[in-house]
Amino acid sequence: MAIRFVLLVNKQGQTRLAQYYEQLTIDERRALEGEIVRKCLARTENQCSFVEHRNYKVVYRRYASLFFLIGVDSEENELAILEFIHCVVETMDRYFGNVCELDIMYHLEKAHFILEEMVMNGCIVETNKSNILGPIQLMDKSF
Amino acid sequence: MALSGMRGLSVFISDVRNCQNKELERARVDKELANIRTKFKNDKGLTPYEKKKYVWKMLYIFMLGYDVDFGHMEAVSLISAPKYAEKQVGYIVTSSLLNENHDFLRLVINTVRNDIIGRNETFQCLALTMVGNIGGKEFSESLAPDVQKLLISNSCRPLVRKKAALCLLRLYRKNPDVVSVDGWADRMSQLLDEREIGVLTAVMSLLVALVANNPDAYWNCVSKCVRVLERLTRSQDIPQEYTYYGIPSPWLQVKTMRVLQYFPAIDDPNIRRSLFEVLQRVLMGTDAVKNINKNNATHAVLFEALALVMHLDAEKDMMAQCVGLLGKFIAVREPNIRYLGLENMTRMLMVSDVQESIKRHQVQIITSLRDPDISIRRRSLDLLYGMCDVTNAKDIVEELLQYLTTADFAIREELALKAAILAEKFAPDLSWYVDVILQLIEKAGDFVSDDIWYRVVQFVTNNDDLQPYAAAKARDFLDKPAVHETMVKVAGYLLGEYSHLLSRRPGCSPKEVFSIIHDKFATVSTPTKAILLSAYIKILLHSQTVDPELQNHVLAVFRKNETYLDAEVQQRASEYYALSRKGPSMVDVMAEMPKFPERQSALLKKAEDTEVDVADTSATKLRLMQLTSTAVVVADQKPANGVHPALTRVPSGQRNIEAPTVPVANGGQSPAPVDFLAIEAAPTHSAPESSPLVGPGDSLALALMDNQASTVQIGLKAEWRGNQGRIVLFLGNKHTAPLLSVKAVILPPRHMQLLTSNVPDTIPPRAQVQCPVEVTNLSPSREIPVLDFCYNNSSAMVSFKLRLPVIMSKFLQGATLAPADYIARWKALMGPPNKLLQEVVRGVKPLPLQEMSDLLGSLHVAIAPGYDPNVNNIVGAATYFSENPTLCLVRIETDPADRTQIRLTVGTPDTSVALELKEYIKERLVDIPSGAAPTSLPGMPSPADDLVGPAASLAGLI
C-alpha cells in the first residue's frame, strides 16, 4: 500500500513535476512517463480515473490543462488517492491562490516543498493544510 | 504571488518553454548544462545563492529527462551548509536526484545525524525526510536509535514525530532488525494513544509494515486501532483542519482499517463487537451525495470497510449486505464506483464463500465487458475469470469468445489466454474444449501461443473418441476464407494424423483433404511447411487404397521441396519422398503418433507462475495464506474398523465432514471432496481383425488438482486382455515435502476382483511410485472401482476419491460376423425365449448418424455397415468378457424426423449382460453424461450424486 510516484503533466504531455518514491533510472522514467501520459491523456471524461499500467495503478485527475497522476501499487485504496490529489490541489490553491500550470512551473521548488510535506517514503504524512504550509510560509517571510 | 527569488532559473524555464521542438530544447539544455559544469568546476567562490540556483536548474533539467550525474556532489554538499535555505535545497534535491546506492550519501551521513540529534527542529524535519525517502542500509544501522528516540520523545513536537515515524518505516524496511519486536509492541500500542492526527497517520503506516511481518507480536494494537476508528467515525475530537468535506481524515480511516486486515482473525468478542458496530455504521450510513469530493471520500472509507468485513469473515447477513452493495455498485453510472465494485467483487471471490451470490450478477458483469472504458473491461474480465467454474464455464467462455472479435488490441492477448485457461480447466467435455480453442485460433490467432495448440494436440492424441471430431472440425475451419497460420498448423497436424477416420464423409477423401491443406502451403512460414509435409505423407500412407493421382501429386510436392531453402523442409521432403516410394510397407513408420505421457498444462503452469509473481506482501495474499492454513478441518481420523480408510479432509469452503465409515457399497455416493480431472485414452483396437487381443498400452493421464496447489499427480497405464486387465498407477509427489502416511485403497465393486500391491507409506519429494493392480472382471456391471487415496502433506491429512477408468468397454472387443451369421444369431436371440432387450431412449444428444456410429465404435462395438437394410439404423457386434465371453449384438434405430430419440436393442444369450450393456450405451447417448440414466442397481454410484465438479462431467467420457 504505497505511492510510487507523483506526476504533474500538462495536456501537451510535458512533465511539470515528477517525484518518485522508488528507484528508477532516467531512461525508465522517461519511458514510463511517456507511456502513462499517452494512456491517460487519451481518456474521456466519462471514463474512470484509474488506469492499469504494467504493475502500477495510476490514479489521475484533470484540472484545466494540468493532469495530476499518482502511481500506486495494486493494494492502494484508489478513491483515497483520488481525493488526496484534490487535497494537494487545494493546498496549492491556498498557497498560490488558484494555482495554475505556470505557478507550478516557475515555482518548482515551492511545489516540491509542498509535496514533501504531504508525502514521504510513499506514505501520506500530512493532510492538514496549515501544518503543510507552515514551514514554507515561515521561510517566505524570512526572505 | 511574487516570482521566486531566482531570476536566472525563471529565465531558463522560460527559454525551455519557448523551444518549438525537442531539438531546440536539447540544445538549450546542453548549453545550460555546460554553463553549470564550468561554474561548478571553476568558481570556487560560488555564492550560496548561485549554488542554490544551479542546483534547482539541475533538478528542472533532470525532470525534463536529461542526465545530471555530474552535479550530484554539489547537491549533496549543500546539505552541510549552515543556513536553512541552502540545507533545504540540498536535502530536497538530493532525495530527488539520488538513490540509496549512491556513494556520495556516505559523505554526509554524519551531517545528517547531527541534524537529526540537533536541537533545530526544522533541520530535524529535513534530515528525517531525506533519510525516509532514500536512506539505505548504512543509514539504517547508524541512525535507527536516534530516530526511534525522536518518535517516542515527549518533548518533540508532532511536526518532527510524524516524520520520525515514516523515517523509521524506511529504516525498518532496509533492515528489520532495527526494530526489536519485544520493546516495540508496547511502544506502538502507546503511540496509538496519540491524539494528533498527523502523527497517528504516520504511525499507522509504520504499524502496517510491522504487523504485516509479525501479526502475533502486535496483537495489543488491535483494540487501540478499533478505538481510533471509533473516534474517527464518531467525529470525536477531530480538529477542523483534519476533516475533509466534513469527513474526519478519510486517509487515516482507510489506513486504520487496513492495519486490521493484517491480523489473521479477531477473536475477542468485545473488540469484535465494537469493530462491527463501526463497520455497520459505515456500511449503512454511506449514501451517494452530490459533492463529488465528499462522495469519493465516503466511498473510499466504504470500500475499505467492505474489505475489512470480508477479511473478518463476518456473519452471513453482513456478507450478504456486502455482496448486495457491490452488486449495486457494478450497475451505477459513476465509472469509478463501477470499477471499484468489480474490483472488490473479484477480491471477495478470493476470500469468502460467496461465489453463488456473485453469480447472480453475471449478466451485469458481462455487460461491463463491453464498457467503453478499458479499465472497467479489464476488471470485468478478471472477475469473470475468477468466478468461472464448471457450472458457468460454457456461458462465460462463449461470452469471452464473442467479445474477442470486437475487443481492442490492448486486451486481446489477455482475453485469449484467459479463455484458453478456463476452457481447459472447466471443460464439461473435451469436444467443447476443442471447439473453443479452434474458435480462439480463428478469431485471435496472433494471440494463441504454441502452448495452447500443443495442448489441443495432446488431448486429441490421447483420446481416441475425440480424434474424428477434431479432424472434422479442423477440416471445416480450413474451408473458411483467410485462415490463420496457427490454424493451418493445428489443422495440418490433426488431419495428417486422423483424416483417415473421416474418409467416408463427403469432402474428406484423402485427395480432398490433401488439396485443401496444400492450398495454404505456398503462403505459410517454413516451420508450418515442415508440419504440412509430415501431414501429406501421413495422409498418403494412412489411406486404405492408394490413389495413384494423390500419390503422384504428393510425390511431386516432395520432389519440389527437396531443394527448398530451409534445411528442415529439405530433409523432410527428401526423406518422405524416399519413404513414400516404398509404398505400403512403410505404413508402420508413419503410424499415428503414440499417446503423450501425462504432463502438466504449460498454460496452467504459466498462469500459476504469474500469480506468484507479485512481489510485495500484500494484504490479500496474506489473507489467502491464512485461508489455506485454517482450512485444516480434520486431523488423522481413522475409522474404527480400519478396513477402508474412507476418511475425508474437506477442502476449505465446505465444512461438511463425511462420516468416517462409509460402507464400501455406498462409496460412490459420497460427494467427491476434491475436484479432479480425468482424461482417459481409450484403447485403439477398433479394427479387430488386424489388432491382437491386447490393445496397445492405454496410457492415461489423471491430472489431479488439489484445490489449493497441485501437490499430487496420479497417472495410470493399463493393458487389457479378455476379462483381465493390468493397471499401473503412478503416484507422483509434486511437492517439495514428502507425502506421509500414504494410503491407496481401491474399493472393488462386487463384480470385479482386484489384486493391489502395497503402496509405500511415504512418497519422497518430487518422486513417483508405481502401484500395479490386477483386475479380473467376473460378471457384467457398470459399476466403477474407486481409488481412495489419502496422504499427509505435513500440515494436514488430505484424502479424495478417484474413479478408475475400469469401465465396461474395457472388456468389450469388437466382433465381426458375416452377414448371414449375424442375421441367424439375431433371429436365434429373438426367441423364444426373447433375449433381445429393447428400449426407446428419448433426450438423446442429436448426432449425425456417422458420429453416432463412431461413438458406438469407440465403445469397442464393431459396426457392421450395410447389414441393416434401413440406412437410418446402425448395427454392430462385440464380445463381452467376464467369466465367460458372451457375444452381444447391438442395433440402434434412429428417427430422421426426431434425432433426439432412438430405439436401442441389445441382444445376448445372457440377459444380465444385455441389461448392463444397454444401460451403458444409453448413458453415453443421452445428452448430459449419465444424467438421465436410472439408478437401477442398489449400490451403484448414483450418477446424480456424481454430478458435482468437473470430475463428474468428465467422467462421462470414460
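**Close-up views of a predicted model**

**View 1. Crossing of helix 25 and helix 27 of chain B.** Helix 25 of chain B passes helix 27 of chain B in a right-handed crossing (the near helix is turned clockwise from the far one by less than a right angle; helices are DSSP runs of H or I with at least four residues, strands are runs of E with at least two, both numbered from the N terminus). The contact (heavy atoms within 4.5 Å) involves B:Asp450, B:Trp453, B:Val457, B:Val460 and B:Thr461 of helix 25 of chain B, and B:Thr486, B:Lys489, B:Val490, B:Tyr493, B:Leu494 and B:Tyr498 of helix 27 of chain B. The model is predicted, with local features requiring pLDDT of at least 70 and side-chain atom pairs pLDDT 80 or more, while totals for chains, interfaces and linings use all residues. Residues are numbered from 1 along each chain, chains are lettered from A and ligands numbered from 1 as written, and side-chain values use heavy atoms without hydrogens or water.

**View 2. Open sheet of chain A.** Five strands are ordered 2-1-5-4-3 with antiparallel pairing (at least two DSSP bridges between two strands). The edge strands are strand 2 (15-20) and strand 3 (50-53) of chain A. The twist averages 20° from one strand to the next.

How values were computed: Axes are lines fitted to C-alpha atoms, for helices over the stretch in contact, and angles run from 0 to 180 degrees between N-to-C directions.
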